[in-house]
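Here are my notes on the model you sent. Please keep the structure open as you read.

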Amino acid sequence: MTPESILEHAPKVLTQAQREAYFRDGYVSLDGFVSKEWLDRLWAVTEEFVEESRSLSKSDDKFDLEPDHTADNPRLRRLTWPVAHHQTYWEFASRGPIADVAEDLLGPDLVFHHSKLNFKWSGGGEEVKWHQDFPFYPHSNASVLAIGLYMADVDDEMGPLGAIPGSHKGPIYDHFNDKDEWAGALCNADEAKLPLETAGYMAGKAGTITVHHVRTVHGSMPNNSPRMRPLLINAYASADAYSLTPYPGIACPQNEMVVRGKRARWAQFDQEACRMPPDWSGGYSSIFALQQAEDDSLRAAE
Amino acid sequence: MKMEQVLAETPKVLSQEQRAFYFENGYLLLDSFISGERLKALQDLTKSFVDKSRSVSASNDMFDLEPDHTADAPRVRRLNMPYRQDPGYWDFTSNSPITDVAQDLLGPNVKVHHSKLNFKWSDGGEEVKWHQDIPFYPHTNYGVLAIGIYLDDVDEEMGPMGVIPGSHKGEIYNHYNDKDQWIGALDEKDFGRVNFDDVVWLKGPAGSVTVHHCRTVHGSVPNSSPRSRNLLINAYAAADALTVSAHPYPGPKTNHIVRGKPARWVEYDSEPCLLPPDFSEGYSSIFAAQQEEDETLATV
């Protein structure tokens with residue numbers, strides 16, 4: 001759907017100014033938007049998964065681990081696809097307050113795309129380089145967004161999500177490097193052209209949500225604090241935006257599931273070309289492993 | 001690829017005039033384009049599949065049967081995905097003069113989308129109502145076409161394919177009825193917007209090849225002759241046109257690259273496209289949908 005047609009629908013939870021800010025800047029954050037009750041429920045299940053990860057020594061379909069993860073000192077980078085692992089995550093994604101936010105920004109008909117929980121552990125946890133989401137999962141059009149929930153207070157030291165305002169209206173960048181290998185991030189030359197000094201860093205207390213458009217250039221610094229920065233991300237698409245590539249890796253029942261309204265009868269297309277991601281049907285390793293070149297076989301995938 | 005980019009490539013088998021005609025009119029007829037051994041091999045192969053159908057009493061993944069099909073008088077409506085059933089068909093689809101035709105009209109990088117062999121049996125065999133192909137399999141752009149080869153001589157009586165010239169430049173019509181049920185055909189209430197006076201019936205001797213653009217309105221009347229009219233169809237897409245909906249015949253060799261290489265960049269056309277029902281749970285043929293044999297399919 002176009003911003004104009006979305007704005008014609010009365011919002012459920014956002015103000016008109018917040019919606020306009022999102023369409024203008026390509027991102028918006030809502031401080032303390034999610035209630036303590038929801039946070040407590042999400043923390044309860046998340047702690048169970050952190051416990052479960054202690055017994056693991058290497059990453060698998062469910063857990064993406066930092067290289068120095070141990071049973072005594074768990075360093076989880078990511079819980080992959082949390083909505084499939086616990087009903088609480090799915091309830092939050094499909095019926096929680098963020099589904100209303102998605103509806104206010106995507107229109108009354110929307111589908112679920114994917115979910116992940118990035119821990120960004122304390123003491124140097126994972127940088128995420130500047131990238132756009134669209135080249136990871138091209139759709140027939142770009143009415144697609146991701147909503148992140150800070151499960152803990154996040155200050156500037158902790159590597160909050162940063163976004164370049166207006167970059168969603170700019171080009172779709174090539175996320176392959178000059179050797180034609182998938183890099184999952186902008187190349188240095190493209191990065192140099194971006195007004196990085198304008199980046200908005202979305203710090204906020206626990207319960208704050210960040211919303212970014214699928215074409216917005218975004219990233220985050222390492223977490224230099226002694227505290228971890230868990231960010232629960234759920235991505236959604238307007239029902240007229242059809243996913244063009246299968247979701248990589250594990251089978252995920254909620255992928256493409258209708259969250260609000262109904263699936264569109266007409267597919268809408270954008271005009272700008274988008275580069276295809278590598279063929280991930282044989283398996284996907286996370287953006288962290290990739291951007292840090294842990295996995296050379298993946299870099300060469302295509 | 002844009003038309004200008006396609007036309008800038010040196011053609012393999014078509015003349016520049018034929019390519020320009022296709023882009024202008026949305027179809028092409030190539031008289032006796034396939035002949036000799038290649039044609040004979042396809043005809044013989046097809047006869048062997050008709051024989052195979054004698055032992056089948058209900059439609060299945062391979063055969064779509066008319067209701068009065070019997071072992072003694074086989075009435076196959078369609079052989080599904082022939083190129084998956086026999087290497088002879090795959091060779092024709094993937095590496096023959098029709099693959100060259102696809103390349104000449106879609107550009108150097110070409111995928112095959114699907115294939116089917118419609119038998120249109122003698123004495124009343126199946127009408128195909130007016131429809132466009134793209135609502136059956138939407139892609140991100142309209143670099144998609146179907147190439148048919150008549151395996152028999154086809155005259156007017158035999159229900160040749162009819163096309164509406166230039167209709168590929170017009171609207172994409174609704175293929176659902178007023179009750180929002182998929183009918184796989186244009187609704188008669190929209191007929192006033194179609195230039196039926198211009199219809200061209202594509203006839204020719206065995207081996208003649210038809211090409212139609214995925215937005216061209218086309219159809220065919222029943223075969224009122226005592227002869228059968230077997231039409232082998234292969235549908236192709238430019239590699240930069242990605243499918244938007246579930247493939248009606250999921251399995252091997254869907255969206256297989258037959259020329260060039262996979263696209264690095266997805267190309268989009270801004271014109272929205274109608275979507276079919278969700279075929280991921282199984283596809284029953286256009287015949288069944290148009291003739292409402294299958295109520296579950298007709299109801300989305």
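1. Start with a term. Two residues are in contact if their C-beta atoms, placed from the backbone, lie within 7 Å. By that rule, 16 residues of chain A are in contact with 16 residues of chain B.

2. A word on the source. This is a predicted model, where local features need pLDDT of at least 70, side-chain atom pairs count only at pLDDT 80 or more, and totals for chains, interfaces and linings use all residues. Residues are numbered from 1 along each chain as its sequence is written, and chains are lettered from A in the order in which they are written.

3. Now the side of chain A that touches chain B. Two elements give two or more residues to it: β13 (266-267) and β14 (274-275) of chain A. Strands here are DSSP runs (E, at least two residues), numbered from the N terminus. Its residues divide into nine nonpolar, three polar and four charged. Asp, Glu, Lys and Arg count as charged; Ala, Val, Leu, Ile, Met, Phe, Trp, Tyr, Cys and Pro as nonpolar; the others, Gly among them, as polar.

4. Strands also pair across the chains. Pairing needs at least two bridges found by DSSP. Two bridges join β13(A) to β14 (residues 273-274) of chain B, and these strands run antiparallel. Trp266(A) stands opposite Leu274(B) in β14(B).

5. Next, a sheet within chain B. Four strands form an open sheet in the order β5-β10-β7-β8, with antiparallel pairing. Its edge strands are β5 (128-131) and β8 (200-202), each pairing on one side only.

6. Look inside that sheet. Three bridges join β7 (residues 161-163) to β10 (residues 218-220) of chain B. Gly162(B) stands opposite Gly219(B) in β10(B).
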